[in-house]
Amino acid sequence: GSVEVSGAKTPLNSFCGRFDHMCAAVDALSASAAERGWRIRFDPTTPQSAMVHVYLEGDLAHLEERHDQVRATTGHRLWNRLRGPGHSAAAGRGNEHWSNEHYFEWSMGPQNGAIPINVFCEAWNVFFEEE
């Protein structure tokens, strides 16, 4: 498979292909979250490699409940585990928007790199939908 960025196709099994795939996934998920009223943040904002930290705002139990719903509905797992506030703890002192964030590391290795962007979006859209 390959990913198309700016009209050029890059093999997904290469670092450049996975990096391009990560950039496209971050763009797609950012747009999808915004459309549904969810706050999702990536660090760095624009990927610099095939790995980013993904920050989700909300109560930990609620986020895990939403994740369980995704797994039950789609069979996809969005993260291995949420790792706490990460950089939010230091950067967010006094900022209510950063006070309740939890992050996970998302890497675009060979397995994730083989997943089409629309599949990521479909699984995340289940997460973003409220009951």
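Helices (H or I, at least four residues) and strands (E, at least two) are DSSP runs, numbered from the N terminus. The model is predicted, so local features need pLDDT of at least 70, side-chain atom pairs count only at pLDDT 80 or more, and totals for chains, interfaces and linings use all residues. Residues are numbered from 1 along each chain as its sequence is written, and side-chain values use heavy atoms, with hydrogens and water left out.

**Exercise 1. State how many helices and strands the protein chain has, and give their order.**

Solution. 
- Count: the protein chain holds 5 helices and 5 strands.
- Order: starting at the N terminus, the elements read β-β-α-β-β-α-α-β-α-α.

**Exercise 2. Determine the strand order of the open sheet and identify its edges.**

Solution. 
- Pairing (two strands pair if DSSP finds at least two bridges between them) gives an open sheet of 3 strands, ordered S3-S4-S5 and antiparallel.
- Strand S3 (40-43) and strand S5 (101-107) each have a single partner strand, so one side of each lacks a neighbour in the sheet, and these two are the edges.
- On average, neighbouring strands of the sheet are turned by 25° against each other, direction ignored. Axes here are lines fitted to C-alpha atoms, for helices over the stretch in contact, and angles run from 0 to 180 degrees between N-to-C directions.
- Strand S4 (residues 51-57) is joined to S5 by 7 bridges.

**Exercise 3. Describe helix H1: its span, its placement on the strands and its buried residues.**

Solution. 
- Span: H1 has 21 residues and reaches 30 Å from first C-alpha to last, close to the expected 30 Å. The expected span is 1.5 Å times one less than the number of residues.
- Placement: H1 (residues 15-35) lies across S3, S4 and S5, and runs at about 155° to S3.
- Burial (under 20% relative accessible area, exposed over 50%, partly exposed in between; 1.4 Å probe, protein chains only): the buried residues of H1 include Met22, Val26, Leu29 and Ala33.
- Background: an α-helix has 3.6 residues a turn, so residues three or four places apart point the same way.
- After the helix: Gly37 follows H1 and has a positive phi, near 80°.

**Exercise 4. Compare the burial of S5 with that of the protein chain.**

Solution. 
- In S5, 5 of the 7 residues are buried, and the strand is mostly covered.
- In the protein chain, buried residues make up 39% of the 131 residues.

How values were computed. Contact = heavy atoms within 4.5 Å.
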